[in-house]
Amino acid sequence: MGCDGAAGGGGERMEEDEAGASTSSSSPPPPIAQLGYDQVLSILRLLPPEAVLSFAATCRAFRAWASTDALWEALCRRDWGARATAALAERRHDRHGGGLQAPWRRVYAEVARLGALSARRVPVRGASPRPRASHSLNLVAGWLVLFGGGCEGDVNWPQILDAMQTMWILQETSSDLGVMVMSVLHQVLDFYGGHHLDDTWVAYAGTGAGNRPPAILSWQQLASGTPGGRFSHSCTLVGDTLVLFGGITDQGQRLNDTWIGQIFSEEHRRMRISWRLLEVGPLAPPPRGAHAACCVDEKFIVIHGGVGLYGSRLGDTWLLDLSNGFQSASWHQVGNTWPLPPPRSGHSLTWIGGTRMVLFGGRGSEFEVLNDVWLFDISDQYPKWKELKYDLSSALGELPFPRVGHSAILALGGKVLVYGGEDSQMRRKDDFWILDTPALLQYESGSKKMTKKMWKKLRIDGQCPNYRSFHGACVDTSGCCVYIFGGMVDGLVHPAEAWGLRFDGHLYQVELLLHL
């Protein structure tokens, strides 16, 4: 949005207008000048920031009104949500020790022009979860909750990696045999990605408000066995409750069970989770894993796609209605009118506020890796998908490469933070991108000039999590701090081979770099 630039330009125009007004005859004030401060403030709270800055440029009095902390805090609360704004307010107070704090207008501008992140590997005291991938990671009531995933099992990885190398050589010669090898390889990986885990680990990281998170974390292992072991499942946060769906076992079985996990905090920084099967009636999505899921307004869970029976990619969309609470719920299929996203797995689906969510990337039915963007809106009686197509020639260098197995979480300021993943040749990535949802929605409404503002690559300072895919990621209440655990990372099978495969077991903390 460029808040500072707009403000500066508006200030120059304001001074010019005032100079001209002093040499001309007086004219009656505009109607808005006859309103009181409270009335004007109530109007400004409804406007986009650009309009507020333009209003501030009209005269000195309006500039003062449009620069108040009360107005910009209200805009932050409107655009970022009450919980994120409250958490950020406590963080600002903690950082400045109750002294002079950055005005909310500056806070809004800093978030709007975000260009960098800071990262560190979090030291851990005591036992730690086993290295893994395709697990779930959530932050609920201040607790990191890690469940399931896949780890090294009885798979002959050197043999599979030899097949991968042969596949790429054959692909370069456009051989039909290369396509066949690729198909077989991906189905082997879909069915036998390693050994599934059924363990649950928790660590207290704080709520993201007030005091900084602990410098050193301590993991605690909870009782395991319920739900059953799996990987490539989804575990979605609804308020302070977890909703787990589907996944794949190490025998290749696809699941479609729905579980509810309730959090109970206990004394001395301990907690427990009570899991139970959710009663959903006779209708449920077909069994699957590697699907995408998100929560909409703490009322619905939406899932899309995934890997179904026999390794087939799915393209269906299902909604779990939780409006009656967690005693019972119902699944029903939605969004089945054209156009539809092609079937895929390993993609992301991220709620961006209201009734909208955005889908990105994944692996398609022909094992191609994608970087298309789709918007899904469930506000109407018949929810609809819409692809956000853009001219690649005008956006070259401004778009992330195709990827699967990445993470995409909604951070502060309506920014979808995309990290990692891998391409069609399983080359993993270490880049961070933001998809700016205000720009995305303007582009979706017809403003083609927003193409280059939709995506932005971020600089990373500190200890970067490096190249990885199929990791777990979650964000704190403020939207400023992201946690990343595990995933597939680069390693060496033999010293002379470049085709490495390794599971990671480290926890990283990544924060938005805001100069407040």
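Residues are numbered from 1 along each chain as its sequence is written, and side-chain values use heavy atoms, with hydrogens and water left out. Because the model is predicted, local features need pLDDT of at least 70 and side-chain atom pairs count only at pLDDT 80 or more, while totals for chains, interfaces and linings use all residues.

**Helix H5**

Helices (H or I, at least four residues) and strands (E, at least two) are DSSP runs, numbered from the N terminus. Helix H5 covers residues 69-80, twelve residues in total. The expected span of a helix is 1.5 Å times one less than its number of residues; for H5 this gives 16 Å, and the end C-alpha atoms are 16 Å apart, which agrees. The buried residues of H5 include Leu-71, Trp-72, Ala-74, Leu-75, Cys-76 and Trp-80, where buried means under 20% relative accessible area, exposed over 50% and partly exposed in between (1.4 Å probe, protein chains only).

Helix H3 (residues 49-56) packs with H5 at an angle of about 165°, and their axes are 12 Å apart. Axes are lines fitted to C-alpha atoms, for helices over the stretch in contact, and angles run from 0 to 180 degrees between N-to-C directions. The angle makes H3 roughly antiparallel to H5, a label for angles over 145 degrees.

**Aromatic pairs**

Rings of Phe, Tyr and Trp (its six-membered ring) pair if their centres lie within 6.5 Å; planes under 30 degrees apart count as stacked, over 60 as edge-to-face and the rest as tilted. A search of the whole structure finds ten such pairs, including these two:

| Pair | Centre to centre | Between planes | Type |
|---|---|---|---|
| Trp-219 and Phe-485 | 5.9 Å | 65° | edge-to-face |
| Phe-376 and Trp-385 | 4.2 Å | 20° | stacked |

Trp-219 lies in strand E7 (residues 219-222) and Phe-485 in strand E28 (residues 481-489), so their pair ties together parts that are 266 residues apart in sequence. Trp-219 and Phe-485 are both buried, as are Phe-376 and Trp-385.

**Val-107**

Val-107 is found in helix H7 (residues 104-112) and counts as buried, at 0% relative accessibility. Its C-alpha atom is separated by 9.6 Å from that of Arg-92, 15 residues apart along the chain.

Terms used. Parallel < 35°, antiparallel > 145°, perpendicular 65-115°, else oblique.
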